[in-house]
Amino acid sequence: MDTVSIGQVDIRRRVTRIATFLGGAYFFFYFVSPQSVIEHWGIQEAHEPISNGFIVIGTMAIGLGIINILSTHGSKVIFKRKGWQYSVALLLGFLAIVVTTASQWLESLRVSERVQSVQVLGDFAQRIIEDDQIVSGRREGVVKSMSPAGALPPLSARISALVHYSELQVRQIHADVARWRITPNTSQAQHELLNELEQASREVEGATVTLRHLSSASLGSADEGALQDLSRKAGKLASAFSLVMRKNASSTLSQRMYDLLYNGLFNHLGSAMFALLGVYIAAAAYRAFRIRSVESALMMIAALIVMLGQISFGKHLYSELPAIRQWLLEVPNSAAFRAIRLGAGVAGLMLAIRMWLSIESTSFSSRSK
Amino acid sequence: MEPRRLIYLLMIIAVAAPVMFGLSQAPSRLVSAERMYSVVDTVEVKPGEVALVWLDFGPNTVAENEPQAVVLLEHLFRRRIPVLLLSQYQQAEGFLRRIPQEIAERLEREMVGQTWRYGEAWVNAGFKPGGAIFIQSLVNAADIPKFLGRDVSGMPISNFPAFASIGGVERVKIVGEITGLVGVFDSIVQFFQKNGYRPTLVHGCTSITIPEAYIFLDSGQLKGLLEGIAGAAWYSEVIKKHFPLSDNSKLLVTNTALSAAHIMIIALIFAGNVVAFVSRSRRSRG
Amino acid sequence: MNGFEHATPGVLFLVILAMVLLFRELHRIQSGYQHFIRRIPGIDALESAVGRCAEQGRPVMFTTALTDVGPVLFACLGVLQALAKKVARYKLKLVVPQYSPETMAVVEDSLRAAYHDAGRGSSFDPQSLVFLSSEQFAFASGYMGLMHREKPGAACLFGVFAAESLVLAEAGQQVGARQVAASVSPEQVAFFICTCDYTLIGEELFGASAYMSREPVQVATLAAQDRFKVMMCSVIVWGVACSTIASLWPSLRILMPHDVLSADWLAWRAWIP
């Protein structure tokens, strides 16, 4: 009789088993332990990076599929095997989508960076307030804004940098707005967004002017108020700017190409394939739904009730049909589905335990190749 | 002509005719959709509280799931409940951008003077990988906007005043999952809860998954269910009853096409049985 | 106290119970106990279909569809390995379309082992694994094309399926392949019953692997599953009885299984004297 072979296992398999066990043990322990225990052992803070790590490992496999496609279809094209023309079509389509998606992604990165460069204005103002409060003992915490030399820059230097950066951003936004206004085919909605953006940038400009005159070594309540005001207005400016950038990004070449390939081709092809189900189920129903026994007759009656109860025609046939349909779905159907799910769930649990503990049959265990 | 090809032709005619001629019928009353409407309509949502809606569908199930997403989001927008939209299915990205924008524009045309702006009515958190692990982490997060980080255009979600003070998951009053089979519905049912907190969970499913969704509706884990296009059609009728200017004509046409297809399939089953019976009798006689 | 409602001592107890049952059955099977497995007609039909393919010189197709690496995949691999050994012995062509790159690596390893066990290690062709797409309907259309080009005599659809199940099965119908399907997704069972010759429902997929190979670990897993299910059924009966009694005599204090299983750690501590 075959026995589970745990004799001579190589190092790689041993490491795999240990890693599997530790990974499974961690998530199981995290799942069953109460929150108080998790917090006591400091696991809560580590959980997110650990979870992200597992997600990253999973996405590394994305390269496997690409390698297989390139090797299978590439070799077909190179050696001109049967159907090589279709492989050419596949590889060209693959290349087109990769190039388009990459350029659309780079464009969206550029938009994000530009939006963040405006967003950081409000964050900077807020950080100045918080650091001053920490330094003066009005707030608990650790000052984060340290220069490379290790010391916090003087308040006046920071405020001066903030003012300078704010003026730079406002000037850039004014220039962008002027350029966008004269772009052909700018819609009315876009003009309205540009008006709001200009309004927001004027408000930031006004708040910045107030700060130019700040020169004290520490912030008074009026100074803090001015900085808060700038932070709030900068947030509004960032939101307005983000809306405009998103609107503009939707009309770039890369976005239009992406929309053509994705919405125009991919989405519609997927929908068309799914639509095949409609005709296939009709063909399958015609071919296979035969009343040959009592059970099949019962199944047919149930199917008719559920189908007719769902459509408006059904209630004209018999007014209680929707209610009977509801009962069929709530009672017998739920019972059957729960039984199937329970069985499959238990089987999955047993197999999961086997995988976790690396209890393999001889089919899967180590052998010399 | 081969029977298979004739069947395909008949089905295409049955589905195409209502769409081409704009035929529409009142949808059948579906109790689960009606229940979902009253649940969404009566949930108390205070300032700072939000709805979290997953749109986990792609082009494959867009025909069924998009109408569901539209009716649910329309209802939430009408109630002025801020909606945090996200997806754990990468192909939903386009729908996350387009659908709420279209609804907002339609509502602004219907109710002149009122606005539904991005950042106030909804925020698009985009695609989030990780499945059940993500949901577990989301539920444990003390500050959901900080956990989700930025929206699809790179803006921190905490920048939007309507979403800045959400805090933990207890302030998510409505959770919606619109999906076929690719979503995280099972994980949401299992993990989106804490001691003393259960959200109002509503679900829009494709027709294939209706029997399975009923398990959760029956046990009370699900508070409302949209059963395919038919569910969305009845939901839109209920919305129209309360807001007569709401336009659901396109959805009703789609639902009528679905009804026509149902009738055709029933007719084909009947025809198949008649043909089988006749050939069986001939064989036994001959 | 915060926490998931499922993370209770009751859940921990059930998992430990499952592990104990598994080890117990492993020990019993290895000591010589023969666990009865009822006949699964679909699997018997599969074996005869492979013979039919050998007569007609047609390939065999096996797909795990949308199955990711996990317990379901391992159940499918058990069947695939047993099938691959037969295919290797008959020197037939095996085509294994793949949906996920991660599963492809696991499936390749498994197939290689099966061919080696059958003594035909050198005839294993890595090209028999065809990565189609990680997109559901792109996979389905690739599968349809493959089906119409290869015209297999037998097709096995084992694993997790979504809406594309009907498309896959109908493609097999169109080329006249003998089809056996096994899905853990109960909503797809209806489609398979219409279009396939044999359908395995729910956990029969997990039992199929043990049925074909009769390997001790797989049979022991099946036995442990069965015993655990019997225990769960007893809990359900207990719960129904308690709920019925409680509704008839509300003043009676009855220990409900739901209360026991869903009680958190604090409640359990309070119960322990």
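**Figure 1. The two domains of chain C in the predicted model.** In this predicted model, chain C is divided into domain 1, made of residues 20-34 + 220-271, and domain 2, made of residues 41-214. The centres of domain 1 and domain 2 of chain C, taken over C-alpha atoms, are separated by 36 Å. Chain C contains eleven helices and six strands. Along the principal axes, its C-alpha atoms fill a box of roughly 70 × 45 × 35 Å. Of the 273 residues of chain C, 51% count as buried. Among contacts in chain C between residues at least 6 apart in sequence, 72% join residues at least 24 apart.

**Figure 2. The packing of helices α1 and α9 in chain C.** Helix α1 of chain C spans residues 9-30, and helix α9 of chain C spans residues 216-248. The two helices pack with their axes 8 Å apart, at an angle of about 135°. Because of this angle, α1(C) is oblique to α9(C). The crossing in which α1(C) passes α9(C) is right-handed. On the side of α1(C), the residues making the contact include A18(C), L21(C), L22(C) and E25(C). On the side of α9(C), they include P216(C), V217(C), A220(C), R227(C) and F228(C).

**Figure 3. The largest nonpolar core.** In soluble globular proteins, nonpolar side chains tend to be buried together. The largest nonpolar core in this model has 224 residues. Which residues touch the most other members of this core? They are A282(A), L55(B), V83(B), L85(B) and L83(C). Helix α3 of chain C, residues 71-90, gives the most to this core, with 13 residues. From each of domain 1 and domain 2 of chain C, the core draws at least three residues.

**Figure 4. An overview of chain B.** Chain B contains eleven helices and six strands. Its C-alpha atoms fill a box of roughly 80 × 45 × 30 Å along the principal axes. Of the 286 residues of chain B, 54% count as buried. Among the contacts in chain B with a separation of 6 or more, 77% are between residues 24 or more positions apart.

Notes:
Residues are numbered from 1 along each chain as its sequence is written. Chains are lettered from A and ligands numbered from 1 in the order in which they are written. A nonpolar core is a set of buried Ala, Val, Leu, Ile, Met, Phe, Trp, Tyr and Cys residues joined through C-beta atoms within 7 Å. A residue is buried if 20 or more other C-beta atoms lie within 10 Å of its own, exposed if 12 or fewer, and partly exposed in between; C-beta atoms are placed from the backbone. Helices (H or I, at least four residues) and strands (E, at least two) are DSSP runs, numbered from the N terminus. Domain bounds come from an automatic or database domain assignment. Axes are lines fitted to C-alpha atoms, for helices over the stretch in contact, and angles run from 0 to 180 degrees between N-to-C directions. Angles under 35 degrees count as roughly parallel, over 145 as roughly antiparallel, 65 to 115 as roughly perpendicular and the rest as oblique. A crossing is left-handed if the near helix is turned anticlockwise from the far one by less than a right angle, and right-handed if clockwise. Two residues are in contact if their C-beta atoms, placed from the backbone, lie within 7 Å.
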